[in-house]
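Good morning, colleagues. I would ask you to bring up the structure on your screens, and I shall then go through its features one at a time.

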Amino acid sequence: MGILGLSKLIADIAPASIKERELKHYFGRKIAIDASMCLYQFLIAVRSEGAQLTSVDGETTSHLMGTFYRTIRLVEQGLKPVYVFDGKPPNLKGGELTKRAERRDEAQKLLQAAEEAGNLEDINKFNRRLVKVTKQHGEEAKQLLKLMGIPYVDAPCEAEAQCAALVKSGKVFATATEDMDALTFGCNILLRRLTFSEARKMPVQEFHYDKVLEGLELNKDEFIDLCIMLGCDYTHSIKGVGPKRAMDLIKTYRSLEKIMENLDTKKFPVPEDWNYKQARLLFQEPEITNPDEIELKWTDPDEEGLVKFLCGDKQFNEERVRGGAKKLLKGRNTSTQGRLDSFFKVLPNSNPVKRKAEEKKGPAKKGRGAGGSKFRGKAK
């Protein structure tokens, strides 16, 4: 679910924290990708009138096709993706998981009614609601990524928390996910739309955590409390408190404790046994693997292994699989060139007037650097 309404709230109040980029902007960048989010997208997007791409045994292969071709597209653009998979859900998430199961049960009943009525639009709608990423989907995706030479990480708990930790440690540049709670976990840079299909033709949205806090005029803990009020996976929200009111309350009282002391609970009833403190702690101190213990290694694809895994029973086209493997190899060799900014650090000139004057002078005299000092030794 992520954080309800957070992206719009940020866009309205802190627009300077969002940049729009083309995919090619991330050439040479290591990007942590929320694997479960991607698998869910694939299982929905490849549906056609309720049907999935399947193996000869009738097992779904949409998640494999999506992972294979989307990852190739990213690598061709020079990106270095690493997929992060969810571990066990925290105990507080049990309520949200129960609600999702109830919604699926209801969708199943509605689907049956739509099928009896022959309503194709409703059939497609309720089929999408029944999509669930299973453990088998995840294990098969990991096997595929290994053959593709793409690293993956098994998070002990929430993938978004592990992604945020990888970004904060400098292991990767950013997190790619559609769930905004990566920001609540303190992720420095969040990328939305990076994993959209090429057909969507939408620029990548780049959220900068420090600019979000600056624009909202909140510190880290206040931002977490705001996200809890907006609605998260770990606890219920306060009835009647929408994004605007939540923002006003946190700006006025600065903590959920103070808000609780001053809130008109008759007008805005607080959920019974509201466990916001436990939810806050999950965001402040999530269960993660120490990034220093994680080694990210990109390798050449195993072409023959990919053919053996994807073709045959899974019914992938061998020619396309071999072509994909070659694209991965070419993209990997291209991305090893790296980004210029990884080799050079650009120092800003604090005096623009002086800089313009220097530019008018033209190139420095022979034997002298831009600053006028003589070179010593021979150039190599």
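Arginine 320 is exposed, because its relative accessible area is 60%, where exposed means over 50%, buried under 20% and partly exposed in between, with a 1.4 Å probe and protein chains only. Arginine 320 belongs to helix 15, residues 318–335; helices here are DSSP runs of H or I with at least four residues, strands are runs of E with at least two, and both are numbered from the N terminus. Not counting residues up to four places away in sequence, arginine 320 touches Phe68 and Tyr69, a contact being heavy atoms within 4.5 Å. The C-alpha atoms of arginine 320 and valine 307 are separated by 9.5 Å, and these residues are 13 apart along the chain.

A word on the source. This is a predicted model, in which local features need pLDDT of at least 70 and side-chain atom pairs count only at pLDDT 80 or more, while totals for chains, interfaces and linings use all residues. Residues are numbered from 1 along each chain as its sequence is written, and side-chain values use heavy atoms, with hydrogens and water left out.

As to the overall picture, the protein chain has 16 helices and 7 strands. Of its 380 residues, 44% count as buried. Among contacts between residues at least 6 apart in sequence, 71% join residues at least 24 apart.

Let me return to the two residues that arginine 320 touches, Phe68 and Tyr69. A pair of aromatic rings is described by the distance of the centres and the angle of the planes. Rings of Phe, Tyr and Trp (its six-membered ring) pair if their centres lie within 6.5 Å; planes under 30 degrees apart count as stacked, over 60 as edge-to-face and the rest as tilted. By this rule the count comes to 7 aromatic pairs. In one of them, phenylalanine 68 and tyrosine 69 have ring centres 5.0 Å apart and planes at 75°, so this pair is edge-to-face. Phenylalanine 68 counts as buried, at 0% relative accessibility, whereas tyrosine 69 counts as partly exposed, at 32%.

A further pair, tyrosine 234 with phenylalanine 283, is tilted, with 5.1 Å centre to centre and 50° between the planes. Tyrosine 234 lies in the loop between helix 10 (220–230) and helix 11 (243–253), and phenylalanine 283 in helix 13 (276–284), so the pair ties together parts that are 49 residues apart in sequence. Tyrosine 234 counts as buried at 4% relative accessibility, and phenylalanine 283 counts as buried at 3%. Together with Phe185, Tyr234 and Phe283 form one aromatic cluster.

Rings also meet charges. The charged end of lysine 80 sits over the ring of tryptophan 298, 4.7 Å from its centre; the criterion is that NZ of Lys or CZ of Arg is within 6 Å of the ring centre and within 35 degrees of the ring normal. Likewise, the charged end of lysine 142 sits over the ring of phenylalanine 85, 5.1 Å from the centre.

I turn now to helix packing. At what angle do helix 3 and helix 6 pack? The angle is about 35°, and the axes are 10 Å apart; axes are lines fitted to C-alpha atoms, for helices over the stretch in contact, and angles run from 0 to 180 degrees between N-to-C directions. Helix 3 contributes His63, Leu64, Thr67, Phe68, Thr71 and Ile72 to this contact, and helix 6 contributes His137, Glu140, Ala141, Leu144, Leu145 and Met148.

Next, helix 7, residues 159–168. Why is helix 7 described as largely enclosed by the rest of the structure? The reason is that 9 of its 10 residues are buried. Those buried residues pack against strand 2 (30–34), strand 3 (80–85), strand 4 (152–154), strand 5 (174–176), helix 8 (181–184) and strand 6 (189–192). Just after helix 7, glycine 170 takes a positive phi of about 85°.

I close with two loop residues. Threonine 61 is placed in the loop between helix 2 (35–45) and helix 3 (62–76), and counts as buried at 5% relative accessibility. Not counting residues up to four places away in sequence, threonine 61 touches Leu53, Thr54, Ser55, Lys314 and Phe316. Lysine 201 lies in the loop between strand 6 and strand 7 (204–208), and is exposed, with a relative accessible area of 64%.
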